Every structure is written in structure tokens, then in C-alpha cells.
Amino acid sequence: MTNDQILNKLIYNQKKVTYSNISDIFELNFKKISRLIPLLPSIKDDFVGIKKPSNDLFLLCHNKAPYTGSYTLTHKIKSQEVIINRPDICFKIYFDARLLEVTSICKETRINDSHPLITDCSDLAFQLELNLFMLRWLDYCLERYNGAEWSKSK
């Protein structure tokens with residue numbers, strides 16, 4: 001069995017998906033975003049990460065409280081004279097608990113609507129799917145943007 005097959009079995013098998021599994025991923029995502037954007041706890045505005053030759057990486061701040069924050073991490077892509085945000089990952093950070101929870105990707109609460117086992121999914125399985133996507137995307141971002149210069153977005 002390949003890693004993707006094992007992962008699909010885990011995601012779509014309600015009996016094996018637990019809040020504990022998902023909480024572990026929340027913790028990993030928090031550690032990764034903290035490495036990617038070290039000044040995140042103090043960010044109250046929109047910021048952009050610049051590291052050439054990569055596209056700019058945008059952090060949009062929706063709300064920041066002392067112990068939590070809601071953000072979107074995305075690229076701004078010009079398509080036919082319109083700017084679109086992709087992958088447009090919205091997430092909530094719990095700074096005191098050191099957790100990152102994805103709330104949506106591209107304004108969707110799940111990312112694989114056409115999967116043949118979708119009817120077997122639980123809410124926890126959807127949470128796992130969203131947060132695993134973030135885990136992988138943060139790995140990509142750390143590879144491309146580690147050490148990026150972060151400044152307020154204009």
C-alpha cells in the first residue's frame with residue numbers, strides 16, 4: 001500500500017480518526033507556521049513575505065486578540081486581469097495552546113468533494129483532511145520561504 005492509500009484509509013475511516021490525531025496535526029502546523037513567520041504573535045495587519053525568486057506569500061489578518069488570531073495564508077495570482085487568492089487557506093491560531101486549526105481552504109470546508117468515500121466521512125475526517133493539506137503546504141512554504149523578509153502589505 002502506498003502512503004497516499006494509507007492516508008486515504010485514515011482520513012475516510014471514521015473509527016480511526018480521533019480528535020487526538022487531529023490535535024497532533026494542529027500542534028505540528030503551529031510549530032511550522034511559527035518557523036515560517038516568527039513574528040506572527042505580534043501581527044495585527046496584513047503582511048507579505050518576500051523571498052526571490054518565489055512569488056510573494058501573503059498573510060491576511062482578519063482578527064487578532066491576545067490569545068487567538070484568524071488569518072489567511074495565500075498567493076495573489078493575476079488571472080485575466082483579475083487577482084485571485086490561491087490556495088487561500090483560512091486558519092485560526094490559539095497562541096496560548098500553541099495550536100493552528102484550518103477553518104477553510106478556498107472558502108470551502110472540505111477539499112476533496114469528489115472522493116468516492118466522501119459519504120463515509122465524519123466532521124473529524126474533514127478536519128483531518130483540511131489540516132493535513134495545511135501541513136503539506138507549510139512544508140512547501142518552509143522550503144521556499146524560510147528566511148523570507150516579512151513586512152506590512154501595501
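Helices (H or I, at least four residues) and strands (E, at least two) are taken here as DSSP runs, numbered from the N terminus. The structure is a predicted model, in which local features need pLDDT of at least 70 and side-chain atom pairs count only at pLDDT 80 or more, while totals for chains, interfaces and linings use all residues. Residues are numbered from 1 along each chain as its sequence is written, and side-chain values use heavy atoms, with hydrogens and water left out.

The protein chain has 3 helices and 6 strands, arranged along the sequence as α-α-β-β-β-β-β-α-β. Of its 154 residues, 43% count as buried, where buried means under 20% relative accessible area, exposed over 50%, and partly exposed in between (1.4 Å probe, protein chains only). With contact taken as heavy atoms within 4.5 Å, 54% of the contacts between residues at least 6 apart in sequence join residues at least 24 apart.

Turning to the interior, a nonpolar core is a set of buried Ala, Val, Leu, Ile, Met, Phe, Trp, Tyr and Cys residues joined through side-chain atoms within 4.5 Å. The largest such core has 28 residues, and those with the most contacts inside it are Ile-33, Leu-36, Leu-59 and Leu-73. At least two residues of this core come from each of α2 (19–36), β2 (57–64), β3 (68–79), β4, β5 (99–105) and α3 (123–145). Helix α3 gives the largest share, 7 residues. A second, separate core of 8 residues includes Val-17, Ile-22, Phe-26 and Leu-135. Leaving aside neighbours within four places in sequence, the residues in contact with Leu-73 include Ile-33, Leu-36, Leu-59, Phe-91 and Trp-137.

Among the buried residues of α2 are Ile-22, Phe-26, Asn-29, Ile-33 and Leu-36. An α-helix has 3.6 residues a turn, so residues three or four places apart point the same way.

Lys-32 is also found in helix α2. Lys-32 counts as buried because its relative accessible area is 15%. Not counting residues up to four places away in sequence, Lys-32 touches Leu-135, Leu-138, Asp-139 and Leu-142.

Charged pairs come next. A salt bridge is a side-chain nitrogen of Lys or Arg within 4 Å of a carboxyl oxygen of Asp or Glu, and a search of the whole structure finds 3 of them. In one, Asp-139 pairs with Lys-32, the closest N and O atoms being 2.2 Å apart. This pair links distant parts of the chain, with Asp-139 in helix α3 and Lys-32 in helix α2, 107 residues apart. Asp-139 is partly exposed, at 37% relative accessibility. Lys-152 and Asp-45 also meet in a salt bridge (3.2 Å, N to O). Lys-152 lies in strand β6 (residues 149–152) and Asp-45 in the loop between α2 and β1 (47–50). Lys-152 is exposed, with a relative accessible area of 53%, whereas Asp-45 is partly exposed, at 35%. Lys-52 forms a salt bridge with Asp-56, with 3.8 Å between the closest N and O atoms.

In strand β5, finally, lies Ser-104, which is buried at 10% relative accessibility. Ser-104 touches Asp-88, Ile-89 and Cys-90, not counting residues up to four places away in sequence.
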